[in-house]
Amino acid sequence: MTLPLRAPHEIAAPGIGGVGESTLRPDGTLKVKGEFAYASDLWAEGMLWGATLRSPHPRARIVSIDVAAALAHPGVRAVLTHEDVPGRKHYGLDLTWDQPVLAIGEVRHQGEAIALVAADHPETARRALDKIAIEWEILEPLTDARRAAFDPSYPQVQDRPNPARHQPVRVGDVEAVRAAAEVVVTGTYEVGIQDQAFLGPESGLAVPAEDGGVELYVATQWMHNDLKQIGPCLGLPEERIRMTLSGVGGAFGGREDLSMQIHAAMLALHTGAPVKMMYNRHESFFGHVHRHPAQMRYEYGASRDGKILYADVEIVLDGGAYTSATLNVVGNAASLGVGPYEIPNVKIDAYGVYTNNPPCGAMRGFGAVQACFAYESMMDKLGEACGIDPVTIRRTNAASQGSALATGQIIHAPLPMKDMLAQARDLPMPPPLDSSDIRNLPGGASQTTHGEGVRRGVGYGVGLKNICFSEGFDDYSTARVRLEVIGGAATALVHTAAAEVGQGLVTIEAQIARTELGIENVVIHPADNQVGSAGSSSASRQSYMTGGSVQAACWAVRDRLLALVDGFYDDLSLVGGKIISASRGVIATIEDVLGDQVIEETREYHHHPTTGMDPVTGQGDTHTQVALCVHRAVVDVDVELGLVKVVELAAIQDVGKILNRLSLEGQIHGGTAQGLGLAVMEEIVVSDGKVRNPSFTDYLIPTILDMPPMRLEILENADPRAPYGLRGAGEPPTLSSTPAIVAAIRDATGLALHRVPVRPEHITG
């Protein structure tokens, strides 16, 4: 018999750590105490150490390469170049496999991998790298993204022409209504290169297997997509590559692309010994992709009362040397280019281009962050031109349930943006500046000021982010759930390939199993590729997708369990580990019914289908779900020295359903902190294709002293098409916090501020 589905808000057995409770993370204590095993802690008997030789040039031709001296160095077991790649010589995250495993003839960005060394000690491996002799022909790097997008005479980085993707969006007729606008505002905006800045460097262990295959223990975001690239490059079928997720020290998109996986496996297969690779911090800056820098031009026309009539938008995203996620980042930037606002006439052109700058790909917010900074800056500019305050101008144009996005997609779920803006506006303000304590001032204990020249500002930001993969991608997740009696207690084993990257997914998986099966004992199997794909731990999708697959597998287990009950019952339910008949009460416990039997079920969960974007108009039902966050920022600015102190950040976010409030609050705090970093400090500085600050000494990220107190208001307006009605929550705060902080700085200084991060010289002139 089939158990009727419970309503999303019901919990089978409150108090056992189910959905809606703030259960603690099983890895939390270990991480706090420094006892958690990360990928960099891996070790195997007799293992060798791998190291990578990387290009010092952003663009150059390899005239010759001589590895003899390196191979002769004592302790060195292997030196490999592209000639030693056993299979396909290129890989890639998306459809375009354009990135060489090791450079072939030419390097296209600084830090490109050229050769590999395996040695018996990490220092030996690094010393051997210095003995590889390369004769270079230095070429002029191609670094101008705008010229790459629009100038046909500009040389091409790849064998294919720029742009990598041009995605237009067309709604109505911008030219026809342009003359009718009573107020016209324009702006040009830039977003610098932000790094994911995860603390755990790229690391992993490859162990050769007896069947000629390899076992890989790696920190990644998407095991099965790694596998699709690794197998062809190694010349191995997927079943001979066994992958297990190692401890991940942060990701934020930077582990979607491959780093050391193929390299370590090549060395292990060549030497016949386990090989560990671990990047240092400097190498890590070159070993993963970054957020796309953007150059954006916006023009809005409106009536005098602030109602937007048209938007004319151009977005240029610099993807660097290889495709990575650029094609999809362009799609996100185009589809969300004017945000959560009703605009009847829209013209958007989004471009992703190749250059010899650092490769860029996925990072939290994925194309929407860049556009959000621009469109929210435009809303403030429009409000000022119309004499309307920042909250009212946004509420005047706010989208809601039933509104259409720029792509024509209708918003089916609740979108209470007007109420959220009013709520943000009406929250209590922090107390006035107390300049008697210098720690309250910009510059803090450095005593740069005692209150002279310090001004306070308030700003707002709204961010709309798509959830899950878009544009027709068959986004699914797989879960296997096993129910048995162990030590006299019903126990569930949940097995997925979903990567726990610090977001708390293992906690959510267990909570869902407890809720659906009504039992307390739940064990999470280590994530590996011995179960079907769970998709990527990105796009704020894992609670939605893997949560959905765990729920579906639990339902299947529950159906089989109830079918084992003797007698003729048609009104059974499973609550708190007991099988209950509505007419007869408790019939049996799970332990009574199961005995020595084991029930195991595997299920895939697919979200409702999406479509691609029309290549001419950009129209389509491209997104699975959208989520909204509103920020209010309060800042103090020393206008004489250009120093900024963020005094308070308030966030109002609709999450559909709270699965674990503690974890959710951490996601909102964390996303906000990364938005703060982009607003006032984080940028990879690139000059002529070379990275100038590849260290945490020079690439600054917010610390606990930079992060202010936060007010959180979390709303629950269920999405009827999502498991439990939830909305992905990890990315939206990253969008809206950046423009809110910059708007507050503008309010304090009166400056236009068109670029992030805002630096002291932008404030002082």
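Student: At what angle do helix α11 and helix α12 pack, and how far apart are their axes?

Tutor: Two packed helices are described by the angle between their axes and the distance between the axes. In this predicted model, α11 (residues 390-397) and α12 (residues 417-426) pack at about 170°, with axes 9 Å apart. Axes are lines fitted to C-alpha atoms, for helices over the stretch in contact, and angles run from 0 to 180 degrees between N-to-C directions. The two helices are therefore roughly antiparallel (over 145 degrees). Helices are DSSP runs (H or I, at least four residues) and strands likewise (E, at least two), numbered from the N terminus.

Student: Which residues make the contact?

Tutor: α11 gives Val391, Arg394 and Arg395, and α12 gives Met417, Lys418, Leu421, Ala422 and Arg425. Contact means heavy atoms within 4.5 Å. Four of these residues are nonpolar, none polar and four charged. Here Ala, Val, Leu, Ile, Met, Phe, Trp, Tyr, Cys and Pro count as nonpolar, Asp, Glu, Lys and Arg as charged, and the others, Gly among them, as polar.

Student: Now the sheet. In what order do the seven strands run?

Tutor: Strands of a sheet pair through backbone hydrogen bonds, either parallel or antiparallel. This open sheet has the order β3-β7-β1-β14-β11-β12-β13, with mixed pairing. Pairing requires at least two DSSP bridges between two strands. β3 (76-80) and β13 (241-245) are at the edges with a single partner strand each, so one side of each lacks a neighbour in the sheet. Neighbouring strands are turned by 20° against each other on average, direction ignored.

Student: How many bridges join β3 and β7?

Tutor: Four, in the antiparallel sense. Val76 has Ala119 of β7 as its bridge partner.

Student: Which strands does helix α3 lie across?

Tutor: α3 (residues 122-129) lies across β1, β3 and β7, at about 30° to β1. Helix α6 (residues 223-234) touches β12 and β13, and its direction makes about 145° with that of β13.

Student: How many cavities of 30 Å³ or more are there?

Tutor: Seven. On a 1 Å grid over the protein atoms alone, a cavity is a set of points where a 1.4 Å probe fits but cannot get out; lining residues have an atom within 4 Å of a point. Volume is the space filled by probe spheres set on the points, which are joined across faces, edges and corners. The largest cavity holds about 240 Å³. Its 20 lining residues include Tyr91, Gln99, Leu258, Phe286 and Gly287, the closest to its centre.

Technical notes:
Residues are numbered from 1 along each chain as its sequence is written. This is a predicted model: local features need pLDDT of at least 70, side-chain atom pairs count only at pLDDT 80 or more; totals for chains, interfaces and linings use all residues. Side-chain values use heavy atoms; hydrogens and water are left out. Angles under 35 degrees count as roughly parallel, over 145 as roughly antiparallel, 65 to 115 as roughly perpendicular and the rest as oblique. On a 1 Å grid over the protein atoms alone, a cavity is a set of points where a 1.4 Å probe fits but cannot get out, and a pocket is an open set with protein on both sides within 12 Å along at least five of seven lines; lining residues have an atom within 4 Å of a point.
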